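Okay, everyone, thanks for coming. Let me put the chain up on the screen and then walk you through it.

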Amino acid sequence: MEDQLSYVYGVVRPSPAVEGDALAAVRGVAGAPVTLVRHGDLAAAVSPVPRSDFSEAALRAHLEDLEWLEAVARAHHQVVETLGAHTTVLPLRLATVYLDDARVRDMLDERQRTLTGLLDRLADHVEWGVKVYADASPGATAPPPAGAARETDPGRAYLRQRRQQRHAREDAWSSAADAVRRIQEGAGDLAVAHARHRPQQGRLAGGSGENIANDAYLVPRERAEEFRERILRAAEGLAGVRVEVTGPWVPYSFAQVPQNADPQGATQP
């Protein structure tokens with residue numbers, strides 16, 4: 001239909017598990033049912049979306065609409081996670097759309113070798129997210145030295161407080177850097193790949209402290225829990241450090257499907 005486009009969530013190998021009822025109860029972007037478009041040994045999970053919302057011009061306009069983007073991201077993630085519960089999946093970037101399912105088959109045909117190689121590499125692996133925060137807030141850092149004189153002069157008390165705050169921040173950053181080093185050493189023989197993302201700031205960072213490392217690790221599924229426990233132990237005893245481990249996830253950070261300009265109609269925001 002000319003008023004619709006084909007939204008692609010990810011690529012999988014067809015199997016009875018995903019071709020059965022796996023996607024029957026799932027609704028994708030805009031509440032549409034999700035189906036598989038097959039080509040050879042590959043299949044793409046797709047759903048129809050309105051052109052009025054997903055044309056190149058409409059997507060550019062929606063980039064400023066955080067509520068709209070969040071709804072699309074949630075639907076996209078739900079479909080990818082559903083697929084990931086049954087098989088290895090290569091998630092495509094958010095809001096990847098093609099003119100129609102025929103263009104999706106063309107994409108699978110043109111990138112078959114690359115997609116197959118990525119699926120082989122990621123089979124039976126999961127992603128863990130590891131964030132390290134330097135937290136200089138009271139209670140997170142070591143207390144001031146015992147016996148510190150109680151300053152009665154307001155000016156000197158203010159300067160003392162500023163020095164203590166500066167030292168607490170420096171100590172927290174030093175401890176956080178040490179935690180990052182320990183984590184990398186601990187992950188060494190468990191993770192098969194490591195990706196470093198930009199540290200998060202503002203509302204995205206969440207919780208207390210400054211995010212100084214935002215990493216992802218690709219780990220064999222059978223050693224996933226061992227990895228998590230080892231990472232959580234890596235920062236033990238370090239004051240002013242908060243470590244957040246999330247997952248296991250579909251390996252988004254390691255499934256970068258080439259997104260070359262497609263003359264047949266792929267678009268992204």
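This is a predicted model: local features need pLDDT of at least 70, side-chain atom pairs count only at pLDDT 80 or more; totals for chains, interfaces and linings use all residues.

Residues are numbered from 1 along each chain as its sequence is written, and side-chain values use heavy atoms, with hydrogens and water left out.

So, the overview. The protein chain has eight helices and eight strands; those are DSSP runs, H or I of at least four residues for helices and E of at least two for strands, numbered from the N terminus. Of its 269 residues, 41% are buried. Buried here means under 20% relative accessible area, exposed means over 50%, and partly exposed is in between, with a 1.4 Å probe and protein chains only. As for contacts, meaning heavy atoms within 4.5 Å: among those with a separation of 6 or more, 79% are between residues 24 or more positions apart. The accessible surface of the chain is about 14800 Å², and carbon and sulfur atoms hold 49% of that; that's the Shrake-Rupley method with a 1.4 Å probe, and for residues only the protein chains shown count as cover.

Now the cores. As a reminder, in soluble globular proteins nonpolar side chains tend to be buried together. By nonpolar core I mean a set of buried Ala, Val, Leu, Ile, Met, Phe, Trp, Tyr and Cys residues joined through side-chain atoms within 4.5 Å. The largest one here has 26 residues, and Val132, Ile183, Tyr217, Phe227, Ile231, Val241 and Val243 have the most contacts inside it. Who supplies it? At least two residues each come from β5 (125–134), α7 (154–187), β7 (210–220), α8 (224–234) and β8 (241–249), and α7 gives the largest share, six residues. Take Ile231: leaving out residues up to four places away in sequence, it touches Val130, Ile183, Ala187, Val243 and Val245. Apart from this core there's another, of 25 residues, including Phe54, Leu69, Val79 and Val89.

On to the helices, with α4 (66–84) up now. It has 19 residues and runs 26 Å from first C-alpha to last, close to the 27 Å expected at 1.5 Å a residue; the expected span is 1.5 Å times one less than the number of residues. Its buried residues include Trp68, Leu69, Val72 and Val79, and the cover over them includes β1, α1 (16–19), β3, α2 (51–54), α3 (56–62) and β4. Thr82 in α4 counts as buried too, because its relative accessibility is 17%. Setting aside residues up to four places away in sequence, Thr82 touches Ala22, Leu23 and Val26.

Then α6 (112–122). Which of its residues are buried? Leu115, Leu118, Leu119 and Leu122 are. They sit on the same side of α6, because they cover an arc of only 100° around the axis, taking the directions from the helix axis to the C-beta atoms. Their cover includes β1 (4–12), β3 (42–50), β4, α5 (101–110), β5 and β7.

Most residues other than glycine have a negative phi, and most peptide bonds are trans. Just after α6, Asp124 takes a positive phi of about 60°, and at 54% relative accessibility it counts as exposed. Ala95, in strand β4 (90–98), also has a positive phi, about 65°, but Ala95 is buried at 3%. And the peptide bond from Gly247 to Pro248 is cis, with omega near -5°.

Last, two polar side chains. Lys131 lies in β5 and is buried, with a relative accessible area of 16%. Its side chain makes a polar contact with that of Gln200 at 2.7 Å. A polar contact is a pair of N or O atoms within 3.5 Å; within protein, one must be able to donate a hydrogen and the other to accept it, and residues adjacent in sequence count only if both atoms are side-chain atoms.

His39 is in strand β2 (35–39) and is partly exposed at 26%. Where's its polar partner? The side chains of His39 and Asp109 are joined by a polar contact of 3.1 Å, and their C-alpha atoms, 70 residues apart along the chain, are separated by 6.9 Å.
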